[in-house]
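Hello,

I am handing over the structure we talked about, with notes on what turned up in it. Please have a look at it first and then read on.

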Amino acid sequence: MTNPQSPLTSLHHALASSETDPHTIAVAAAGKANSNDSHNAFLTLTTIESLHRAERLPNLFADTQNRPPLYGVPISIKDCFDLTGTTTSCGSRYYQQLHPVAEKNSWVAQRLLDAGAIIPGKTHLHQLAYGITGENADYGDSVQPRDSTLLTGGSSSGAAASVQEGSALAAIGTDTGGSVRVPAALCGLAGYRASLGVSRGEERWSGAAHLAPSFDTLGLLFRDLRDGPALAGAIYDIPSITAPSQPRIGYVGDNFTHDCEPEVLSAFAAWKQRLTERRATLMPIDTAFWVDSLDIFASIQASEAAQLHRSHYQHFEPAIAERLAWGASITIEQLQAFHRRLEVFRSQMSSLFQQVDLLLLPCAPVSKLFAGKDQSHIRKAILRYTTPASLAGLPVVTLAGEAIGAPLGTGMQLVAAPMQDASLLAFAAAL
């Protein structure tokens with residue numbers, strides 16, 4: 001049975017009616033923090049600071065009729081964003097020791113505070129945000145609070161864990177090659193990866209660590225699709241609009257999903273049925289040109305990451321150090337060729353969106369990543385599903401499989417054209 005109110009709406013009503021208050025909310029959030037078996041949803045907890053802020057909120061925003069949109073809402077932040085009084089680790093103990101304590105908030109952290117949010121802490125991630133599984137040799141692997149045998153996925157691993165455990169109503173993540181979409185899908189959450197254009201600019205990345213500037217985007221993980229427009233509006237200035245009716249939705253065919261687990265394929269079929277019931281017109285699309293996406297993406301990503309972390313490679317996990325060394329070996333001429341291929345790919349994606357309004361495909365071919373197992377083979381398999389949207393800088397909403405009765409971990413990607421974030425979020429919320 002559908003809940004009559006979304007989590008954000010329910011919290012707003014409870015605050016407005018004085019059923020609860022920011023301090024009570026902050027105490028409850030703190031009590032749930034790091035309750036996964038690996039006790040590492042957060043790499044840095046800011047419990048004392050968040051409780052003090054929660055106590056002050058009613059006076060900071062005394063006009064009860066005009067309180068900001070995230071008043072009293074606990075929202076975690078990925079530990080690649082600066083938060084005053086903390087050190088930004090980027091998932092690396094080496095950087096935790098190297099970086100100074102932040103004297104200024106990142107743009108994202110300040111946006112949250114200005115909107116009235118409570119920040120319970122900074123969350124776990126892959127080293128440098130350069131991974132997709134939720135594993136980290138320095139801080140331990142991130143396991144799901146609801147099932148300790150399963151990894152969260154990454155790189156926004158702690159973001160997903162914080163929402164799943166209830167220490168945050170929503171979580172700030174980043175998505176370069178799938179780092180919001182994959183943990184959202186595997187953990188049964190909604191996710192929003194912003195258009196590259198929404199995330200671009202020095203201001204929005206102020207106080208934030210890049211992985212690959214050509215592809216890095218901001219994002220969110222949360223529980224309920226209905227909360228997407230309000231959260232994205234409050235943080236990223238995405239306007240709330242009426243959901244489009246009768247959109248044309250292209251879906252990938254069997255030739256693309258050939259490696260999917262049966263549970264993922266069943267969820268894919270169920271979502272297609274749900275979308276048809278919501279008066280969408282579904283049509284198969286030709287994704288043959290996507291075959292180049294991983295090659296283009298991985299090469300440009302590695303080259304840019306290598307530049308950012310030059311002279312530090314030896315301090316990171318072997319697999320990441322190898323990727324960085326490979327990226328450093330890519331010549332200027334080779335990089336220019338990859339960028340030319342990128343422009344061709346983006347042109348082909350633009351042509352695709354002249355035929356359809358949205359795209360539907362799985363987030364990953366698997367629904368579970370088991371903790372303690374060798375995951376080295378899975379990275380390329382998952383990135384084949386996520387990099388097409390990354391290359392084209394597209395906005396994506398993750399649709400949780402459980403929303404339609406499918407098993408945990410079977411999330412789908414609903415993808416829109418560049419800068420159509422408002423329309424995408426509105427349509428997803430209406431589902």
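Ser162 is buried, because its relative accessible area is 0% (buried means under 20% relative accessible area, exposed over 50%, and partly exposed in between, with a 1.4 Å probe and protein chains only). This serine sits in helix α6, residues 157-165; helices here are DSSP runs of H or I with at least four residues, strands are runs of E with at least two, and both are numbered from the N terminus. Neighbours within four places in sequence aside, Ser162 is in contact with Ala41, Phe42, Ser76, Thr123, Ser167, Ala168 and Ala171, where contact means heavy atoms within 4.5 Å.

Before going further, please note that this is a predicted model, in which local features need pLDDT of at least 70 and side-chain atom pairs count only at pLDDT 80 or more, while totals for chains, interfaces and linings use all residues. Residues are numbered from 1 along each chain as its sequence is written, and side-chain values use heavy atoms, with hydrogens and water left out.

Next, the nonpolar cores. A nonpolar core is a set of buried Ala, Val, Leu, Ile, Met, Phe, Trp, Tyr and Cys residues joined through side-chain atoms within 4.5 Å. The largest one has 109 residues, and those touching the most other members are Leu70, Ile75, Ile172, Tyr192, Tyr236, Trp290 and Leu399. Helix α11 gives this core its largest share, six residues. Ile172 has contacts beyond four places in sequence that include Ile75, Phe81, Val108, Leu112, Leu220, Ile235 and Tyr236. There is also a second, separate core of ten residues, with Val366, Leu369, Ile382 and Leu383 among them.

Helix α9 is mostly covered, with seven of its nine residues buried: Gly228, Pro229, Leu231, Ala232, Ala234, Ile235 and Tyr236.

Now to how the helices pack. For the values below, axes are lines fitted to C-alpha atoms, for helices over the stretch in contact, and angles run from 0 to 180 degrees between N-to-C directions. Angles under 35 degrees count as roughly parallel, over 145 as roughly antiparallel, 65 to 115 as roughly perpendicular, and the rest as oblique.

- α9 (residues 228-236) packs against α15 (residues 421-430) at about 150°, with the axes 8 Å apart, so α9 is roughly antiparallel to α15. Gly228, Pro229 and Ala232 of α9 make the contact with Leu425, Ala426 and Ala429 of α15.
- α11 (residues 293-308) and α12 (residues 318-329) have axes that come within 7 Å and cross at roughly 95°, so α11 is roughly perpendicular to α12. Residues in this contact include Ala298, Ala302 and Ala306 of α11 and Arg323, Leu324 and Trp326 of α12.
- α11 and α14 (residues 378-392) have axes that come within 8 Å and cross at roughly 85°; α11 and α14 are therefore roughly perpendicular to each other. Ser293, Leu294, Ile296, Phe297 and Gln301 in α11 meet residues of α14 including Arg379, Lys380, Leu383 and Leu391.

Last, the annotation: an unreviewed UniProt entry places the feature "domain: Amidase" at residues 34-425. In the model, the end C-alpha atoms of residues 34-425 lie 30 Å apart, and the span is 36% helix and 14% strand. UniProt positions are given in the numbering used here, feature names are shortened, and annotations may be inferred rather than shown by experiment.

Best wishes
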